[in-house]
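Colleague: I would like to go through this model with you. Please show it, and then take my questions one by one.

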Amino acid sequence: ILVNSGETLTIEPGVTVQFDSDTYLKVEGALYAVGTSSSYITFQSNAASPDKSDWEGIRIRPTGGTTMDASNNYVSGSYIKYATIKHADLGLYIWDTGLLVTNTEFLDNTDAIEIRRTNKVIISQCTFYNNNSGIYSIYSTPSGDDDYYGNIDNTYIEFNTFNNNSSTGIYLITNQSTFKNLNINSNIFTNNSTGITFGGGGYGPHADSIYIRNN
């Protein structure tokens, strides 16, 4: 399913979006999926007995991100709030853009969120439960369309809960690219194999203004 550049897909509170095997939502325009605290939007498998990796996930492309003001408040573009994303291979993939995600649950995915070559990703007040990893980056240059991993700038991972993820809550590693203004603050980690992994093998990342506090 493609949201074309310049178009907006609005999903209303209480709606459940179900995906068959090997399908995904590709966002080149804007995905406005804003539920309420009493009426979440759900993205999930269409299988009779759903499980991890039943569908591919949501892919945010360079033209599909969020525009925010200087205080990181939503202005326009994609916005995910009061939603549940589950049963995906990779719940949310963010490539070469920024994104605002708040008050959202990531449950029973193989991996919840990948950030790759991003600028201004804000993930706040979300829950990550029973995934392999919660939020991660890749170590080195991959193959395929997005073969340059690049720098990760202005990232805010704050006030989230990471529980029962079998590998790592937050796994941010690269080889010779830069993390700049990375903020991992005031999160709760329980019953994960590892809470936070930051750094990398090889030469490791360049680090410019890294704040990991009050977790």
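Colleague: Which residues touch the most other members of the largest nonpolar core?

Modeller: This is a predicted model, where local features need pLDDT of at least 70, side-chain atom pairs count only at pLDDT 80 or more, and totals for chains, interfaces and linings use all residues. Residues are numbered from 1 along each chain as its sequence is written, and side-chain values use heavy atoms, with hydrogens and water left out. A nonpolar core is a set of buried Ala, Val, Leu, Ile, Met, Phe, Trp, Tyr and Cys residues joined through side-chain atoms within 4.5 Å; buried means under 20% relative accessible area, exposed over 50%, partly exposed in between (1.4 Å probe, protein chains only). The largest core has 37 residues, and those touching the most other members are Phe43, Ile58, Leu92, Phe106, Ile113 and Phe128.

Colleague: Which residues does a second, separate core include?

Modeller: That core has 6 residues. Among them are Tyr93, Tyr136, Ile138 and Tyr149.

Colleague: Is Ile138 buried or exposed?

Modeller: Ile138 sits in the loop between β18 (133-136) and β19 (152-158); strands are DSSP runs of E, at least two residues, numbered from the N terminus. Contact means heavy atoms within 4.5 Å. Leaving out residues up to four places away in sequence, Ile138 touches Glu114, Arg116, Tyr149, Ile173 and Thr174. Its relative accessible area is 15%, so Ile138 is buried.

Colleague: What is the relative accessible area of Glu28?

Modeller: Glu28 also belongs to a loop, between β4 (24-27) and β5 (30-34). Not counting residues up to four places away in sequence, it touches Leu2, Val3, Asn4, Ser5, Arg61, Thr63 and Gly64. Glu28 is partly exposed, because its relative accessible area is 24%.

Colleague: How far is Glu28 from Leu2, C-alpha to C-alpha?

Modeller: Along the chain, Glu28 and Leu2 are 26 residues apart.

Colleague: What radius of gyration does the chain have?

Modeller: The radius is taken over C-alpha atoms, and the globule rule is 2.2 Å times the number of residues to the power 0.38. With 215 residues, a compact globule would come near 17 Å. The chain agrees with that, at 16 Å.

Colleague: How many strands does the chain have?

Modeller: Helices are DSSP runs of H or I, at least four residues. The chain has 0 helices. Its strands number 25.
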